[in-house]
Amino acid sequence: MLILSTGIACADRLPFQVPENQKISISTIIDVIGFVSDKSYLSWTIDYLEGSETTDEFGSIHDGRLYPGESIAIASFSDSIMTNGGHLMLNKDLGFDSQNKGKGLNNLEVEKVLTYESIDGSFLVGSEEWSLDVAGNYAGTDDSIRCVFASARENVIPAFCNVVKARSELINFNSGQVSTKGGLRAVAATGDVPAGLFYQIAVSPIPGYEFAEGTVKTGFAGSIMEARGKSDIPSVTNQWSDKASVSGGIRNFQKSFGYESGITY
């Protein structure tokens, strides 16, 4: 298993929740011999400007430059599975909660387990993609720390613009068991809660088979830009990616990705 992660960075300040919040849950159970098509999609954008509770002028989604004290998070998830025959068993649970989250909790979580066996040359194709884009202009550290015994080394949270993605693909998959699990955090009540995205996938043979058969691909990538003080010029940039592809008889394939980015006090 490969574990790729970034530690706590020097910025990411998540937006605050809106007054009206939603919870969504979708559970899917499929056991079918024949054609199957199953798709899920979620796109979420939330903007927050410090002090906007007392004004109607700002604090809403816009396409312009972020104001001082403003932060925005753009999160998306998509998942699709299609077969042209064969035997598919699928169990998938999706849960979304737009309220503020603390460390270790997520706004979106998706867990999926599928088993597929080809019949008369049939096959399965599928993909899953996660994306988290968090950006913010500089802001003061006042009231950003939850713990009353902590204090910030500086009085300004710098500007930042960070994007991370995770993706997996199943191509001409003939047989095997696939399990995936992912989650992301994009809103928080205080600045000491980091943004987060995690994803993991495991592929193994069906019990009684020696190998899973097909092609499996994964891709993880990120682009990080961080400033210092009130500057609008990056003081650090970090771009990275990880790709893997296996094809043929698969005895064991596992990938795990973890990302957190938050303020260091």
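Reader: What makes Lys92 and Asp79 a salt bridge?

Author: Their closest N and O atoms are 2.9 Å apart. A salt bridge needs a side-chain nitrogen of Lys or Arg within 4 Å of a carboxyl oxygen of Asp or Glu, so the pair qualifies. The model is predicted: local features need pLDDT of at least 70, side-chain atom pairs count only at pLDDT 80 or more, and totals for chains, interfaces and linings use all residues. Residues are numbered from 1 along each chain as its sequence is written, and side-chain values use heavy atoms, leaving out hydrogens and water.

Reader: Why is Lys92 called buried?

Author: Its relative accessible area is 3%. Buried means under 20%, exposed over 50%, partly exposed in between (1.4 Å probe, protein chains only), so Lys92 is buried. Asp79 is buried too, with a relative accessible area of 3%.

Reader: What links Arg13 and Glu50?

Author: A salt bridge, at 4.0 Å, N to O. Arg13 sits in the loop between β1 (2-6) and β2 (23-49), Glu50 in the loop between β2 and β3 (70-97), so the pair ties together parts 37 residues apart in sequence. Strands are DSSP runs (E, at least two residues), numbered from the N terminus. Arg13 is buried at 4%, whereas Glu50 is partly exposed at 35%.

Terms used
Helix = DSSP H or I, 4+ residues; strand = E, 2+ residues; numbered from the N terminus.
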